[in-house]
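Subject: Structure handover

Hello,

Here is the structure I promised to pass on. My notes follow below it.

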Amino acid sequence: MGFILEIKELKREFVVGSQIVRALKGVSFSVETGEFLTIMGSSGSGKSTMLNILGCLDKATSGEYLLDGVNVKQLDRDALATLRNKKIGFVFQAYNLLPRTSALENVELPLLYQKGVSHKDRRDRAMTALEQVKLADRYDHTPSQLSGGQQQRVAIARALVNEPVMILADEATGNLDTRTSYEIMTLMQELNQDHKKTIVFVTHEPDIAAFSSRTVMLRDGIVQRDTPNANIKSAREALNSLPVSDDYQIS
Amino acid sequence: MIIKLVKMSVINLLRIALKALQRNKLRAFLTMLGIIIGVASVITMMSIGEGSKQSITATFSNMGANMITVMPYNNMPMPGGVRLGAASVQTLTLSDVTKVKENVHNISAVSPGVSSSGQAIKGANNWPTSMQGVSPDYLFIRKLSIAKGTNFTDEQIRESAKVCVIGQTVVDNLFTNGVNPVGQIIRFGKIPFQVIGVLAPKGQNTFGQDQDDILLAPYTTVMKRVLATIYLQNIYASAVSENASSGATDEIIQTIRDNHHLRAGVENDFDVRTQADLIQTIGSTSSMMTTLLTAVAGISLVIGGIGIMNIMYVSVTERTREIGLRMSIGARGKDIMWQFLTEAVMISITGGLIGVTLGITASLTISNLLSWPTIISESSIIISFLVCALTGVFFGYYPAVKASQLDPIEALRYE
């Protein structure tokens with residue numbers, strides 16, 4: 001299997017006033033097609049900087065980043081935008097759905113920035129993506145009519161619609177309760193195992209990392225640990241083993 | 001293929017902008033309001049201005065657009081330094097009329113003019129008016145026509161006959177019992193006149209002057225029997241066409257100067273005015289008013305534009321996260337810029353369309369309710385519409401550029 005992304009000696013420095021802050025001090029790792037990678041680390045570990053660089057929102061000060069064979073370093077602002085549009089599907093902690101806009105239209109959004117996709121094509125692909133996250137019946141609901149977990153699933157559908165080489169999730173379960181988190185992770189595992197999607201999941205929760213196939217632990221801007229997960233936990237089983245919600249009683 | 005791609009992205013752009021506006025309908029409408037009011041008032045003001053200008057021109061051509069009026073004029077102070085009004089200055093005589101008739105080309109009719117104010121009396125009724133002593137050609141010069149009876153003849157001029165032609169207002173005030181005035185005797189002062197004709201009514205002109213309060217008699221009668229003078233107060237002439245009036249004016253000036261034996265360098269002792277001059281003078285006053293009103297209306301259009309800019313800035317700040325999201329899923333800086341620019345132009349163009357409709361409605365309402373003449377010119381619609389589209393581009397540009405330059409990382413984190 002080929003590498004979907006390769007990182008070599010990646011460094012990122014910020015100039016704050018007269019000081020230079022080194023957020024990443026030489027990070028190297030690669031991700032193969034079909035992997036489910038979690039990047040872990042406490043705050044200040046360089047996790048967010050790593051995520052921005054992986055998402056092509058930011059560029060490294062030095063070192064190499066190859067995404068699907070493309071060297072990101074040589075690209076300008078517009079080319080980076082095009083690259084994000086074609087190769088990356090973002091899932092954010094705060095969902096970032098457009099308010100007062102239907103689920104279907106939210107999912108369509110990345111395709112609006114792609115040339116040559118017809119109106120019907122866009123609609124069909126968005127519908128397919130919504131089916132993958134099992135929300136096809138809610139296509140005309142606006143975010144305010146959906147629960148947090150459903151909103152995140154719409155966001156995942158939006159990340160899937162442009163058929164990216166990699167789904168990049170940033171604390172995607174951070175705003176959700178345990179049950180809904182496990183639901184989202186079940187969906188992520190399904191996408192990874194059944195649909196062979198490469199997923200990079202940034203989180204600081206160890207129990208979320210247990211569902212992935214490999215964990216990279218960052219600390220103070222370097223890779224502290226890079227371990228494959230021999231015993232991948234099934235999110236579906238974890239979900240089923242949860243006690244029935246006692247938050248409210250159904251009489 | 002390329003055209004198809006471009007077309008596709010333009011449609012997408014319109015779709016994105018339209019959806020964004022739909023999310024905030026009330027705000028979009030309030031932003032439009034400035035533009036709507038601006039465009040509507042520009043169109044209304046211009047239509048009122050254009051309408052009054054046309055109605056003034058119409059009044060003058062109704063009074064005889066080719067009419068040339070000569071009046072006595074003397075800028076030389078009398079001994080003792082007193083200057084006299086035109087009516088008191090006595091320089092024009094019947095010989096001037098004869099010379100003008102003989103020598104000036106390009107005129108179709110000439111009439112002397114003398115007038116005397118006084119009371120017209122019939123039985124128990126009386127009416128204050130002024131008697132105009134003129135020749136039969138006067139009717140042609142002033143575009144008047146006889147409704148009943150006849151005009152007076154050259155024969156009656158020679159005889160200084162005591163006959164007169166009266167306007168509808170005089171008829172209404174003297175003949176209250178509905179008697180046919182033609183053939184009746186009225187008195188002007190102490191002199192009896194036989195009414196031989198009634199003029200067709202013309203109504204009021206734009207300045208509110210009653211054009212039917214008129215009493216015409218042979219000039220010889222007025223000069224000899226009423227005023228006992230040999231001097232004229234006016235000479236009226238009619239140029240063959242509006243274009244010929246300026247050449248005819250020059251010839252009249254030269255003829256009368258010769259007749260008055262004025263040497264080169266001596267000032268004219270008379271003044272010649274054409275209707276065209278008057279139209280121009282009054283027309284320029286009216287177009288100055290129009291310009292002024294339109295400028296005020298234009299200012300409200302600019303204020304409307306500033307309103308758009310203000311709202312677009314607020315919108316960019318408020319939608320920072322949305323901009324960040326759009327950038328992270330592949331929108332380039334220019335996509336974001338075009339989106340906000342399109343939104344601004346959509347607001348201004350929609351506002352412009354509503355404004356044009358409102359302006360036309362307002363103009364029609366004004367002309368119906370207040371019976372002011374209004375003329376909606378196509379140019380006013382096109383100009384105000386173009387101006388408001390440009391306003392959208394101009395005031396939408398800076399907020400749009402600001403949005404496009406946002407850093408996606410910071411925009412995504414914006415709270």
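Thr44(B) is buried, at 9% relative accessible area. Buried means under 20% relative accessible area, exposed over 50%, and partly exposed in between (1.4 Å probe, protein chains only). Thr44(B) sits in helix α2 of chain B, residues 25-62. Helices are DSSP runs of H or I with at least four residues, strands are runs of E with at least two, and both are numbered from the N terminus. Beyond its neighbours within four places in sequence, Thr44(B) contacts Gly359(B), Ala362(B), Ser363(B) and Ile366(B). Contact means heavy atoms within 4.5 Å.

Some ground rules. This is a predicted model, where local features need pLDDT of at least 70, side-chain atom pairs count only at pLDDT 80 or more, and totals for chains, interfaces and linings use all residues. Residues are numbered from 1 along each chain as its sequence is written, chains are lettered from A and ligands numbered from 1 in the order in which they are written, and side-chain values use heavy atoms, with hydrogens and water left out.

The sheet in chain A

Six strands of chain A form an open sheet with mixed pairing, in the order β6-β7-β8-β3-β9-β10. Two strands pair if DSSP finds at least two bridges between them. β6 (88-91) and β10 (222-228) of chain A are the edge strands; each has a single partner strand, so one side of each has no neighbour in the sheet. On average, neighbouring strands of this sheet are turned by 15° against each other, direction ignored. Axes here are lines fitted to C-alpha atoms, for helices over the stretch in contact, and angles run from 0 to 180 degrees between N-to-C directions.

β3 (residues 36-40) and β9 (residues 214-219) of chain A run parallel, paired over four bridges. Within that pair, Ile39(A) stands opposite Val216(A) of β9(A). Helix α1 of chain A (residues 47-54) packs on the sheet and touches β3, β6, β7 (166-170), β8 (198-203) and β9 of chain A. The direction of this helix makes about 150° with that of β7(A). Helix α2 of chain A (residues 77-87) lies across β6 and β7 of chain A, at about 80° to β6(A).

How enclosed is α1(A)? Seven of its eight residues are buried, so the rest of the structure largely encloses α1(A). Among the buried ones are Met50(A), Leu51(A) and Ile53(A). Cys56(A) follows α1(A) and has a positive phi, near 60°.

Phe36(A) belongs to strand β3 of chain A. Phe36(A) is buried, with a relative accessible area of 1%. Leaving out residues up to four places away in sequence, Phe36(A) touches residues including Met185(A), Met188(A), Phe201(A) and Phe211(A).

Where the chains meet

Chain A gives 32 residues to the contact and chain B gives 30. About 2,700 Å² is buried between chain A and chain B, with carbon and sulfur atoms giving 57% of that area. Buried area is the accessible area (1.4 Å probe) that two parts lose on being put together, summed over both.

Two salt bridges link chain A and chain B. A salt bridge is a side-chain nitrogen of Lys or Arg within 4 Å of a carboxyl oxygen of Asp or Glu. Asp78(A) and Lys334(B) form a salt bridge, at 3.8 Å from N to O. On the chain A side, α1, α2, α3 (103-112) and α4 (119-132) each supply at least two residues that touch chain B. α2(A) gives the largest share, six residues.

Salt bridges within the chains

Over all chains the count is 20 salt bridges. Lys87(A) and Asp68(A) make one, with the closest N and O atoms 2.8 Å apart. Lys87(A) is in helix α2 of chain A and Asp68(A) in the loop between β4 (62-67) and β5 (70-71) of chain A, so the pair ties together parts 19 residues apart in sequence. Lys87(A) counts as buried at 17% relative accessibility, while Asp68(A) counts as partly exposed at 32%.

In chain B, Glu318(B) and Arg27(B) form a salt bridge at 3.0 Å, N to O. Glu318(B) lies in helix α9 (residues 275-318) and Arg27(B) in helix α2 of chain B, so the pair ties together parts 291 residues apart in sequence.

Best wishes
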